[in-house]
Amino acid sequence: MSRLIILGCGSPAPNLIRWGSAFLLKVVNDWLLFDCGPATTYKMYRAGVKVTEIDHLFFTHHHSDHDSDYPCFLLTRFDMHTGKENPLHVYGPPPTERLTDQLIGQEHGAFWHDIVARTHHPMSLEAYAGRGGTGERKTPIVHARDITSGDVISGDGWEVRSAEMEHAQPYLDSLGYRVDTEGSSVAFS
């Protein structure tokens, strides 16, 4: 592990220091984001990490203090892209897939209207080109996947293993994660 940034360390109550849950972990060449609580996107920029640098997001569970900034993160990542970024991969217990579809899905997404405007309106297309975007401005590519205990996600030089955690069952499934690289490990639960 080369760097861990604690953006928020867990509290549903507003608190200048601890509010929400969000952890950025730099492993090899990738930033991994764990949870996306209140103001995560803002806190990332304050820490010097752009949302377009994040290709993997892992949810431990779906209490609002762990996922309420997800819409902002998705829309900011989409709006700031230049067409050269990697797709976003999102993992977590159910309802990760449904939540993503309900936010940005073409048929049911609460923010689909914004995506349509930003991929068609001349002002948005000029902003896209001004950031270095070339070609047609495409809709966001987000691969959301519901995972369960025992699933393993791999990247370039890293591996993330999921394990069931007791927290909000039977209402919400909860997962912990262990991130392994050559010679080091870190766990989130």
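Strands and helices here are DSSP runs, numbered from the N terminus; a strand (E) has at least two residues and a helix (H or I) at least four. The model is predicted: local features need pLDDT of at least 70, side-chain atom pairs count only at pLDDT 80 or more, and totals for chains, interfaces and linings use all residues. Residues are numbered from 1 along each chain as its sequence is written, and side-chain values use heavy atoms, with hydrogens and water left out.

**Strand E4 and its partners**

E4 and E5 (residues 88-92) pair in the parallel sense over three bridges. To count as paired, two strands need at least two bridges found by DSSP. E4 also pairs with strand E3 (residues 30-34), again in the parallel sense, over four bridges. There, Leu33 has Leu57 of E4 as its bridge partner. From E3 the chain crosses through helix H1 (residues 40-46) to E4, and this β-α-β crossover is right-handed. Right-handed means that, with the strands pointing away from the viewer, the path from the first strand over the helix to the second runs clockwise.

Why is E4 largely enclosed by the rest of the structure? Five of the five residues of E4 (residues 54-58) are buried, so the strand is largely enclosed. Buried means under 20% relative accessible area, exposed over 50%, and partly exposed in between (1.4 Å probe, protein chains only).

**Aromatic rings**

The structure holds seven aromatic pairs. Rings of Phe, Tyr and Trp (its six-membered ring) pair if their centres lie within 6.5 Å; planes under 30 degrees apart count as stacked, over 60 as edge-to-face and the rest as tilted.

| Pair | Centre to centre | Between planes | Type |
|---|---|---|---|
| Phe23 and Phe188 | 5.5 Å | 50° | tilted |
| Phe34 and Phe188 | 4.2 Å | 20° | stacked |

Phe23 lies in strand E2 (residues 21-27) and Phe188 in strand E10 (residues 184-188), so their pair ties together parts 165 residues apart in sequence. The pair of Phe34, in E3, and Phe188, in E10, links parts 154 residues apart.

Phe34 is buried with a relative accessible area of 0%.

Ring pairs link Phe23, Phe34, Phe58, Tyr91, Tyr177 and Phe188 into a cluster.

**A charge over a ring**

Arg137 lies over the face of Phe78, at 4.8 Å from the ring centre. The cut-offs are NZ of Lys or CZ of Arg within 6 Å of the ring centre and within 35 degrees of the ring normal.
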